[in-house]
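Subject: Structure handover, pockets, cavity and cores

Dear colleague,

Please keep it open while you read.

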Amino acid sequence: MSKDKNKHCCSFCGRPVDDGSAGKVIAGMDNSLICEHCVEICNDMLNGGKKGKKSAPGDAAPGRTPEVEELIRNLKVPAPAEIKAELDKYVIGQDEAKKVLAVAVHNHYRRLQSQLENPDEAGEFADVELEKSNVLLMGPTGSGKTLLARTLARMLDVPFCICDATTLTEAGYVGEDVENIILRLVQNADYDIARAQIGIIYVDEIDKIARKTDNVSITRDVSGEGVQQALLKILEGTIANVPPKGGRKHPDQQYLHVNTGNILFIAGGAFVGLDKIVQRRVGKQVLGFNRLTEDGEAQQKAAELEAEAALNQKPEPEDLVRFGLIPEFIGRMPVVVDLGKLTADDLKRILAEPKNALVKQYQKLLKMNNVALEFTDDAIAELALQAEKKGTGARGLRSLMESLMTDVMYQLPSPGITKCVVNGAAVRGETPVKLTGSKAKARKKA
């Protein structure tokens, strides 16, 4: 092209400037021009050629980036009923808890998508800003808190990590800083910070960071109230400076900049002793050595019924404050889900019904050695009854199954064993576990 014509075209792609096809144009030295289309191509080349580039340690991803927005748009958010139906496949019982959790998770991710669908929409709710709702799970050990959170993350196909609150300390003290829980999410997302910023973090044993005492002390509570205060901004939403390899921060270190505003935090804990605080609040206080009255069997029975009714009362924020959580922390966990203790009927269903039921797991283990495993109904009932007595929820089932099946699996593989039958008497240790086959020899449970 001629020299004069070249002045009115992009020096890279040749798009003419006069007809507007080049869009915005940047002029350089010697009358060279570059159009906005070529600028976008250069930007993509510098970013690795794709939008979903994995961020190496030291790369910054502050705020809501186009990569995060694209992931949010492509996120498939099931309806609350669909979420509960999926949870039912893995978690037995806790119907009310699953319903509340399904609504909270659905609203969280729909809130993110609604901010992108019509950001400039004018109308009645144009100025209404939806706030993030983190979730607090309360329930005894083995009631399914961790399993609920893990199942949710797998269903939504978002990064997920489990962190232990007992290892966290206030910044500057021996232990882990609170930013390390975000680092674990980034690591589970394979350092793709855009994906990590829409993930789920489950903080276990959250009740262990409660204030150790209500009395004023000259020492700092660095692993209790100090951790709660350090978690406040992360739970609410902030740009967190995360050390790429964990450990302590130092001034010359490069950080990963992670926006926690879109991350859903689920905290879980057993909150042992909270029931007594609730009883005191509702006026059903236990006197002496668990004796409610000595005026007769009728009054004692009535007092026991009142105490049982008090246990069914849901904890109020004031109860959590007395337990040791600071009000600011409670305010950032607006959705409180109370998981009840599993009954013997629930434990029976847990053994056989879920997709990853314990009976199915052991059947698969023995199937690898060409042995068919069968549990009778009375064996399932006896295992559930013994697990209920242990008081450790579904975790008690695992220990009972291990002790029951150890001798059987010790004999495998064996060409003479083709079937194993476990009945209630074998669970109680009264008779051996029945092994059938040409060379099978029954072994009594230790």
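On a 1 Å grid over the protein atoms alone, a cavity is a set of points where a 1.4 Å probe fits but cannot get out, whereas a pocket is an open set with protein on both sides within 12 Å along at least five of seven lines, and lining residues have an atom within 4 Å of a point. Grid points are joined across faces, edges and corners, and a volume is the space filled by probe spheres set on the points.

The model is a predicted one, in which local features need pLDDT of at least 70 and side-chain atom pairs count only at pLDDT 80 or more, while totals for chains, interfaces and linings use all residues. Residues are numbered from 1 along each chain as its sequence is written, and side-chain values use heavy atoms, with hydrogens and water left out.

Searching the whole structure turns up one cavity of 30 Å³ or more, and the space in this largest cavity is about 30 Å³. Its lining consists of Val203, Ile206, Leu231, Leu235, Phe265, Ile266, Ala267, Phe329 and Met333. Helix H9 (225-236) and strand S8 (264-269) are the elements that give two or more residues to this lining, with S8 giving the most, three residues; helices (H or I, at least four residues) and strands (E, at least two) are DSSP runs, numbered from the N terminus.

The largest pocket holds about 1000 Å³ of space, and of the 36 residues that line this pocket, Pro140, Asp338, Leu339, Gly340 and Lys341 lie nearest its centre. The second largest pocket holds about 630 Å³ and is lined by 30 residues, of which Gly142, Gly144, Leu147, Ala394 and Arg395 lie nearest its centre.

As for the packing, a nonpolar core is a set of buried Ala, Val, Leu, Ile, Met, Phe, Trp, Tyr and Cys residues joined through side-chain atoms within 4.5 Å, where buried means under 20% relative accessible area (1.4 Å probe, protein chains only). The largest such core has 42 residues, and Ile182, Ile201, Ile206, Phe271 and Phe329 touch the most other members. Apart from this core lies another, of 33 residues, including Ile72, Ala97, Leu137 and Phe160.

With best wishes

Key: Buried < 20%, exposed > 50% of the residue type's maximum accessible area, 1.4 Å probe, protein only.
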